[in-house]
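Subject: Handover of a structure with its ligand

Dear colleague,

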Amino acid sequence: MDERKNIVLIGFMGCGKTTLGKKLSIKLKYSFMDTDRYIERKEGMSISQIFEEKGESYFRDLEKNTVEILSKEVGNIIATGGGIIKNEQNMHMLKETGIIVYLKATPEHIFRNIANDDTRPLLQGEDKLEKIRILMEERRELYEKYADVTVDVFPGDVNQITERIERKLERYNEKGMHNTRPKS
Ligand code: S3P
């Protein structure tokens, strides 16, 4: 059985949690989980549809149920939705079995990543960059508060950022706080 703690990726929408999480899971030989994809599969609906038809608070309940389930396992990389930090209980559960990695990005970087993406209900409508700025300002403190490890996602490509995450995790491991080394 995989005894290693989970690696939980938190950060703003579009910072690369899914892409980087998948890449990291291959390199470190972890299984990969994604709270949004888990919810979509379970509900048979996209995140946008859930927001539109059932509302945000319904989505947040689903998100909390998902965290409850996923944080009971270990040995997974878990990419979370950007709003996971809004609920203290979510973060408490995730921290019990995982190390929290905050992928830090500027609003401009996020905007470049998701300028043409319309799958994020909270960023629909006019002036996306301003919406990103406002929401990020609201959430910054929470991301920072829960982070065990913080990694900048700029500059660099996916490979370079993945290596940056690995190095930070390695340093964290060396402090004897945790072990995320690949299985030998
Ligand atoms: C949200 C982020 C989204 C998704 C939902 C709400 C948020 O996930 O969970 O649209 O509140 O920041 P990503 O961070 O993967 O885009």
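How far does a polar side-chain atom of Arg120 lie from an oxygen atom of the ligand? The distance is 2.8 Å, a polar contact by the rule of N or O atom pairs within 3.5 Å (within protein, one atom must be able to donate a hydrogen and the other to accept it, and residues adjacent in sequence count only if both atoms are side-chain atoms). The protein covers 94% of the 380 Å² of accessible area that the ligand has on its own; accessible areas come from the Shrake-Rupley method with a 1.4 Å probe, and for residues only the protein chains shown count as cover.

This is a predicted model, in which local features need pLDDT of at least 70 and side-chain atom pairs count only at pLDDT 80 or more, while totals for chains, interfaces and linings use all residues. Residues are numbered from 1 along each chain as its sequence is written, and side-chain values use heavy atoms, with hydrogens and water left out.

Ligand site

Two further contacts involve Lys17 and Gly82. An N or O atom in the side chain of Lys17 is 2.5 Å from an oxygen atom of the ligand, and Gly82 places a backbone N or O atom 2.8 Å from a ligand oxygen. The ligand is surrounded by 14 residues (a heavy atom within 4 Å), and Lys17, Asp36, Arg60, Gly82 and Arg139 are the closest. Helices H3 (47-54) and H4 (56-70) each supply at least two residues of this shell; helices are DSSP runs of H or I with at least four residues, numbered from the N terminus.

Largest pocket

The ligand takes the space of the largest pocket, with more than half of its atoms within 2 Å of the grid points as the criterion. A pocket is an open set of points on a 1 Å grid over the protein atoms alone, with protein on both sides within 12 Å along at least five of seven lines; a cavity is a set where a 1.4 Å probe fits but cannot get out, and lining residues have an atom within 4 Å of a point. The pocket has a volume of about 640 Å³, taken as the space filled by probe spheres set on points joined across faces, edges and corners. Its lining has 36 residues, and H1 (17-28) gives the most, with four.

Yours sincerely
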